[in-house]
Every structure is written in C-alpha cells, then in structure tokens.
Amino acid sequence: MKIELAENYGFCFGVKRAIKKAEQIKNAATIGPLIHNNEEIMRLKKKFNVKTLNDVKELSDEKRAIIRTHGITKQDLENLKQKEIEIFDATCPFVTKPQQICEKMSKDGYEVVIFGDENHPEVKGVKSYVSTKAYVVLDKKELENINFSNKIAVVSQTTKKVKDFMEIVNFLILKVREVRVFNTICDATFKNQEAIAKLSQKSDIVIIVGGKNSSNTKQLFLIAKNYCSDSYLIETKNELDRSWFQNKKLCGISAGASTPDWIIQEVVNEIRSFNIE
C-alpha cells in the first residue's frame, strides 16, 4: 500500500508562531487552550511548564499570560490588562483581522453578520468587538426572518469554506441595500481544504490527523468523507486500526492546522508498520 501526504497540511503560520512564543516564554499560563491539539499542549506543559487555564478568572499568582491563537473576548482582554501580569498575545493575525473589522464597521453604524460557529472561541472573540447588532449563522436559512438595517458588514470564521461563505454573502446582497464583504477565511485553511479534496478523490482510505475539537480539522475530515467513504479522523497513532487498511492501495493523509509534524510522522510510521501489501 502506498502512503501519500496532501500537498498542503499541518501547522499554519498562526500556530507555528504561537508554539514558538510559548517555548520561548516558558513558565506561563495560556488563557484557554493555546491551540486545538491536546498532545501538543501536553508537550508544552511537560517541557516548558506552560499550563492551560479555561479563562481569565482562573488566574491566581501567575506572572505571565499567553493569549490563545483563537483570541479572547474584548472584555476578557480588558480584565487581563488590569492585572499585574506580563501579557503575550499569541492571537493569530488572521483572527485579529476580523476583530478589527467588526470593531470599525460597527462604529460606522453597520450591523455585522458572522459566518461561523457561535460556540467557537474565535467567533466569541470576534463577536465581542461588535458594538451594534451581531448575527452569528452557519446557514443562509438562519437569515431569512431577520429584519436587517440598510447597512451590513459580513465576515467569516477563518476556517470555513469559501463556497459556504459566498452563499451567505449572495443571500444578503439580494436582501440588504448596502453589504460590505470581508473575506477573513485563512489562506492556509483554503489550501489545506483544496489539497485534501484533490487527494481524497484518488485514495482508497484517508486519515485526517488532528484535534477532534478543531474546526479546521473537522472540515478536512468532512471534505475527505465526501470523496472517500473510508475516511477517519484520529488524534494519535493509537487510534489506528490495521483492519482499515486491508485491500487498500493508496492511503491519503492530511492534518489540521494545529497538528505538529511529530504526531503526523508517528501516524505515518505506525501505518507503515502494518506492512500492508
């Protein structure tokens, strides 16, 4: 059996930046999980004494705080700044961008539509910068019964599909007089999704490696499953089952933006150890 990695996969710019920052700072506490990968968070804890807090309220005697890649709410940031603690902002620049857009556009009188998952930490942070009305939706049907103002700004969660975002945009253009559209989908996310779509179409089995609580990883899995029914989402090599690979000729592999190379390599090595002909 042949193993082929997607053309684009794994750590994105924002995650690489955050990991490097955490390793350099050491002995710090992150506000929320730094990234959506439990194995990497455990490595940072073990080697660099970087612990994870759920939110700002859990801070006690810590001297250094790192803001997670997904960012935090505007109010949490203000509360953090009031504490006697050194702050290191590891918010991904691609996440900071929609925060800034929402703050400016709402100050200019625009209501804001955010395409994304309302319970995702990135979206919670972005929404907190809206001072007018904010609508968080995952489907255009959720917009049908809303009476909008004449001015709407639209942004997206960074890990969503461009195609789905455009459905939201096209619906609003037909309904609202003035629509300002900001494409805030991360370029790395788009490239990873495009690559797995291409690879999964020719694969007999696809393995997606990454945190099961990661939005971008789940998106990769859904795309792979659409083209290859034998697609699996795993976090570590321990979840692999040798029987999955019987009678398979090509195994495609991709990984989420928060998945480090060492975990991907462990998965590849484990599949090779099965010695499937």
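**Figure 1. The bridge between Ala 29 and Lys 51 links two neighbouring strands.** Ala 29 has Lys 51 of strand 3 as its bridge partner. The model is predicted: local features require pLDDT of at least 70 and side-chain atom pairs count only at pLDDT 80 or more, whereas totals for chains, interfaces and linings use all residues. Residues are numbered from 1 along each chain as its sequence is written, and side-chain values use heavy atoms, with hydrogens and water left out. Strand 2 (residues 29–31) and strand 3 are joined in the parallel sense by three bridges; two strands count as paired if DSSP finds at least two bridges between them. Helices (H or I, at least four residues) and strands (E, at least two) are DSSP runs, numbered from the N terminus.

Figure 2. Angles run from 0 to 180 degrees between N-to-C directions, and axes are lines fitted to C-alpha atoms, for helices over the stretch in contact. Contact denotes heavy atoms within 4.5 Å.

**Figure 3. Helix 1 packs against helix 2****.** The axes of helix 1 (residues 13–25) and helix 2 (residues 38–48) lie 10 Å apart at an angle of about 20 degrees. Helix 1 is therefore roughly parallel to helix 2; this class covers angles under 35 degrees, while those over 145 are roughly antiparallel, 65 to 115 roughly perpendicular and the rest oblique. Ile 19, Ala 22 and Glu 23 of helix 1 meet Glu 40, Arg 43, Leu 44 and Phe 48 of helix 2. The contact of helix 1 with helix 2 comprises four nonpolar and three charged residues, with no polar ones. Ala, Val, Leu, Ile, Met, Phe, Trp, Tyr, Cys and Pro count as nonpolar, Asp, Glu, Lys and Arg as charged, and the others, Gly among them, as polar.

Figure 4. Strand 10 (residues 205–209) and strand 11 pair in the parallel sense over four bridges, and Tyr 232 in strand 11 is the bridge partner of Ile 207.

**Figure 5. Helix 7 and helix 8 pack together****.** Helix 7 (residues 187–200) and helix 8 (residues 215–227) have axes 8 Å apart and an angle of about 25 degrees. Helix 7 is thus roughly parallel to helix 8. Asn 192, Gln 193, Ile 196, Ala 197 and Ser 200 of helix 7 make the contact with Gln 219, Leu 220, Ile 223, Ala 224 and Tyr 227 of helix 8. The contact of helix 7 with helix 8 contains six nonpolar and four polar residues but no charged ones.
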